[in-house]
Amino acid sequence: MSGRVQEALAAARLVDHHCHGVVTDGLDRADFESLITEGAVWPGVSPFDSPVGVAVRRHCAPLLDLPRHAPPEDYLARRAELGPQEVNRRFLRAAGTDVFCVDTGYAPERLTTPAELAGSAGGTAYEIVRLETVAEAVAARGVEPDAYADVFRAACLEAVGRPGVVGVKSVAAYRTGFDLDPARPADAEVTRAAAGWLARGGRLADPVLVRHLLWTAVDLGLPLQLHTGFGDSDIRMHRVDPTHLTDWLHLTAGTVPVLLLHCWPYQRQAAYLAAVFEQVYLDVGLALHYVGPARSRAVLAEALEITPFRKLLYSSDAYGVAEFHLLGALSFRQGLGALLQERVAADELSLPDALRIAAWTSGDNARRLYGLPAPAPVPPGERD
């Protein structure tokens, strides 16, 4: 039986403060399976035979007019029959997300633009600028090492000046990890590092230039998102524990909000940082659709053990398949709803407090941090 908190979260219109677009082309089995795993698709090991694959078949199949737990072959056949536009529309509408903050910096597939994503969902979209993508574009255009810092800064200012940009992101976790010298690098260090990188080519993965990028992000003055924890095999998990950022957070106190994305299995470490640093916030986004509704409560419980309630945000980190927008939202609603409702039942939390926490985490915290407009009031006749 659901309670008032669960009902409130089920009805909440979410703010997804970090996500990506969805593919616009049809997907065969190999394509779909590659998009529902952070690993590779290995012979004889299907991503459908994993917690996320089971969650897709259980919770997403009914949206395609299929029975729960439909076999993968039936699921993919029905998906192909409906076509990508209708599939995306169904899942995005069902997710109940009003606002999307979209990272546009990673798109090996043809993805929806923020406006296209919002149009399919019936919501509003804003953009998050990935700074490594800006740096790599600067290098691709050609720049002298001693001009790199100034040209990169100018390119960042141009990017964040675009209409609809509300934040920036770094994927330093994938490139170097966080066990970096926390100090702002000197100009001469940046020039030397730029000379080496520009001669080598490839992705930005020089520790000095990653430090420079993080400090440039601080100078930009917008909320800074940092991927932490779980990701693909580029990650060296022991190096992406967010507590490696402790000294840097001391140095950047009083500057910009720092939003720790996803965090698993370091949600407790992230909670510690949010509890002791004013500028730190977190979500458990990417973990939610991979653990699914069955385990989302456990992950959220650890994240909320000591996190101030004004510091937790919702994100899906959905990429590629619209199913992840639905699963992220469903896992968040069910996991947090069950957790808060249990505390109300045990008289560890009052109902008004629980409802306030539900409203904060589902959207109000993100609106405040990113300066997003308040939601439109619901007409009186539609409130119930």
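Residues are taken as buried under 20% relative accessible area, as exposed over 50%, and as partly exposed in between. In this predicted model, Arg356, with a relative accessible area of 38%, is therefore partly exposed, and Asp353, at 29% relative accessibility, also counts as partly exposed. These two residues form a salt bridge in which the closest N and O atoms are 2.2 Å apart. Both lie in helix α17, which spans residues 351–370, and they are three residues apart, about one turn of the helix. Elsewhere, salt bridges that share partners link Asp65, Arg78, Glu81, Glu86, Arg89 and Arg90 into one network.

Side chains of opposite charge can pair when their charged atoms come close. Over the whole structure, the search finds 25 salt bridges. One of them joins Asp103 to Lys169, with 3.0 Å between the closest N and O atoms. Because Asp103 belongs to strand β2 (residues 97–103) and Lys169 to strand β4 (residues 165–170), this pair ties together parts that are 66 residues apart in sequence. Asp103 and Lys169 are both buried. A salt bridge is also formed by the side chains of Arg211 and Glu189, at 3.7 Å from N to O. Here the partners come from two helices, Arg211 from α11 and Glu189 from α10 (residues 187–200), so that the pair ties together parts 22 residues apart in sequence. Arg211 is buried, with a relative accessible area of 7%, whereas Glu189 is partly exposed, with a relative accessible area of 26%.

A pair of aromatic rings is described by the distance of the centres and the angle of the planes. The count of aromatic pairs in the model comes to ten. In the pair made by Phe32 and Phe48, the ring centres are 5.8 Å apart and the planes stand at 15 degrees, so the pair is stacked, the cut-off for stacking being an angle under 30 degrees. Phe32 lies in helix α2 (residues 29–35) and Phe48 in the loop between α2 and α3 (51–60), and the pair therefore ties together parts that are 16 residues apart in sequence. Phe32 is buried, its relative accessible area being 0%, and Phe48, at 1% relative accessibility, likewise counts as buried.

The aromatic pair of Trp215 and Trp248 is edge-to-face, with 6.5 Å from centre to centre and 80 degrees between the planes. Since Trp215 lies in helix α11 (residues 207–220) and Trp248 in helix α12 (residues 246–251), the pair ties together parts that are 33 residues apart in sequence. Both Trp215 and Trp248 are buried.

In helix α15 (residues 293–303), the buried residues include Pro293, Ser296, Val299, Leu300 and Ala303. These five residues cover an arc of only 100 degrees around the axis, which puts them on the same side of α15. On the face of α15 turned away from this buried side, the exposed residues Ala294 and Arg295 are found.

A nonpolar surface patch of about 270 Å² is made by Tyr272, Val276 and Ile306. Of these residues, Val276 lies in helix α13, which covers residues 267–276, and is partly exposed, with a relative accessible area of 46%. Val15, by contrast, is buried, with a relative accessible area of 1%, and has its place in strand β1 (residues 14–19). The C-alpha atom of Val15 is separated by 8.0 Å from that of Cys101, although the two residues are 86 residues apart along the chain.

Notes:
Residues numbered from 1 in each chain as written. Predicted model: local features only at pLDDT ≥ 70, side-chain atom pairs only at ≥ 80, totals over all residues. Heavy atoms only, no water. Phe/Tyr/Trp six-rings, centres within 6.5 Å; stacked < 30°, edge-to-face > 60°. Helix = DSSP H or I, 4+ residues; strand = E, 2+ residues; numbered from the N terminus. Buried < 20%, exposed > 50% of the residue type's maximum accessible area, 1.4 Å probe, protein only. Patch = residues over 30% accessible without salt bridge, like charges linked within 9 Å, V, L, I, M, F, W, Y side chains within 5 Å. Areas by Shrake-Rupley, 256 points an atom, 1.4 Å probe, with all protein chains shown as cover. Salt bridge = Lys/Arg side-chain N within 4 Å of Asp/Glu carboxyl O. Arc of directions from axis to C-beta.
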